[in-house]
Amino acid sequence: MNAQIALILGQDGLTNGAVYALLALAILLVFTVTRVLFIPQGEFVAFGALTMAALQAGKPVLLVWLVAAFAVAEAAADLLAQRRRHGRLRPGWRWVARLAYPFAVAGAVYALPLAELPMAAQAVLTLAIVVPLGPQLYRLFYQPIAAASTLVLLIVSVAVHLALVGLGLLAFGAEGARTRPFSDAQFALGPMNVNSQALWVVAVSLALIVVLYVCFDRTMYGKALRAAAFNRAGARLMGISPVFAGRITFLLAGLIGTVSGILIAPITTMYFDSGFLVSLKGFVGAIIGGLVSYPVAAAGAVLVGLIEAFSAFWASAYKEIIVFTLIIPVLLWRSLHSHTVEEEEDEA
């Protein structure tokens with residue numbers, strides 16, 4: 001390996017690591033606020049990439065009907081909850097808006113010349129289709145069992161993941177897809193050429209991370225989520241709705257996953273089940289951060305991307321094994337530097 005090859009591998013590692021960092025932050029955000037280890041995070045990556053590819057090909061996007069079906073189920077669940085709580089049905093404008101939204105998007109999908117739209121419009125339409133799945137999943141599968149143990153929430157996440165993979169196969173088929181790159185330009189940087197698509201990925205990832213930081217630090221909604229993450233019981237006593245915190249957190253997770261799918265779709269061919277492996281590498285970064293620290297999780301995800309890139313050069317057949325083996329020393333180190341539950345109970 002010479003310096004030029006090392007720089008090329010470093011570029012690939014940073015590009016992949018930027019996407020893994022986004023997914024690590026999403027997984028960490030959902031876990032800290034709702035105690036849900038969100039395994040279906042990868043489905044947003046796959047659905048975002050495949051939806052964008054379908055729009056560019058001018059094909060009908062069947063996923064919009066899944067969003068519509070979930071909206072109907074969500075509306076029915078809300079009405080039943082109101083009837084049990086108040087003894088009568090009280091549908092409001094928010095209920096009507098959530099129910100009408102997916103059908104309005106479906107009308108736009110079937111009315112617009114999808115393949116002729118600008119790429120920015122296709123990306124916005126992709127976000128409009130896929131992102132609403134986040135709060136819908138929370139309302140239908142997690143909100144009713146929000147007080148359950150972490151193990152029960154994990155089992156539900158596995159079930160939701162498997163169901164979404166099957167629905168993804170039904171909506172997109174078994175064929176892979178890749179989208180057009182945002183830009184084909186090449187820039188000379190010393191002894192190597194920098195792909196503009198890689199710059200797009202890193203720039204958009206950094207911009208999204210900065211926006212999330214500003215929102216969490218400066219806005220009321222962000223402060224409410226931070227309070228729910230630090231102390232759920234205290235946040236509830238201060239009037240912060242755990243339902244609101246859960247819905248907005250899953251909305252952000254859906255947004256981050258869909259943007260990640262749009263970013264990596266021009267780089268790699270995506271299939272209906274490809275998202276799980278991508279999000280699992282983000283999960284490794286979150287584990288490195290101990291499912292607590294956002295900066296360490298992001299740095300760990302970038303490290304995962306670099307190790308993956310260099311492993312592909314030295315031992316391409318074992319690159320996945322090398323990446324996921326990173327969890328073992330991290331977990332061993334954390335187990336040696338933390339007290340177990342039994343020790344804490346004995347000390348009490």
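Me: Which residues of the largest nonpolar core touch the most other members?

Reply: In soluble globular proteins, nonpolar side chains tend to be buried together. A nonpolar core here is a set of buried Ala, Val, Leu, Ile, Met, Phe, Trp, Tyr and Cys residues joined through side-chain atoms within 4.5 Å; buried means under 20% relative accessible area, with a 1.4 Å probe and protein chains only. The largest core has 83 residues, and Phe38, Leu63, Leu125, Ile129, Leu133 and Tyr142 touch the most other members. Helix α1 gives the most to this core, 13 residues. Helices are DSSP runs of H or I, at least four residues, numbered from the N terminus.

This is a predicted model, in which local features need pLDDT of at least 70 and side-chain atom pairs count only at pLDDT 80 or more, while totals for chains, interfaces and linings use all residues. Residues are numbered from 1 along each chain as its sequence is written, and side-chain values use heavy atoms, with hydrogens and water left out.

Me: What is Leu63 in contact with, leaving aside its neighbours within four places in sequence?

Reply: Contact means heavy atoms within 4.5 Å. On that basis Leu63 meets Phe47, Thr51, Ile129, Val130, Leu133, Ala171 and Phe172.

Me: How many cavities of 30 Å³ or more does a search of the whole structure find?

Reply: Rolling a probe the size of a water molecule over the atoms shows where empty space is left. On a 1 Å grid over the protein atoms alone, a cavity is a set of points where a 1.4 Å probe fits but cannot get out; a pocket is an open set with protein on both sides within 12 Å along at least five of seven lines, and lining residues have an atom within 4 Å of a point. Points are joined across faces, edges and corners, and a volume is the space filled by probe spheres set on them. The search finds 1 such cavity, and the largest cavity has a volume of about 30 Å³. Its lining consists of Ala71, Glu74, Ala75, Asp78, Trp95, Arg98 and Leu99. The largest share, 4 residues, comes from α3.

Me: Is Glu74 buried or exposed?

Reply: Glu74, in helix α3 (residues 63-86), is buried, with a relative accessible area of 3%. Its side chain makes a polar contact (N or O atoms within 3.5 Å, one able to donate a hydrogen and the other to accept it; residues adjacent in sequence count only if both atoms are side-chain atoms) with the side chain of Arg247 at 2.8 Å.

How values were computed. Helices (H or I, at least four residues) and strands (E, at least two) are DSSP runs, numbered from the N terminus. Buried means under 20% relative accessible area, exposed over 50%, partly exposed in between (1.4 Å probe, protein chains only).
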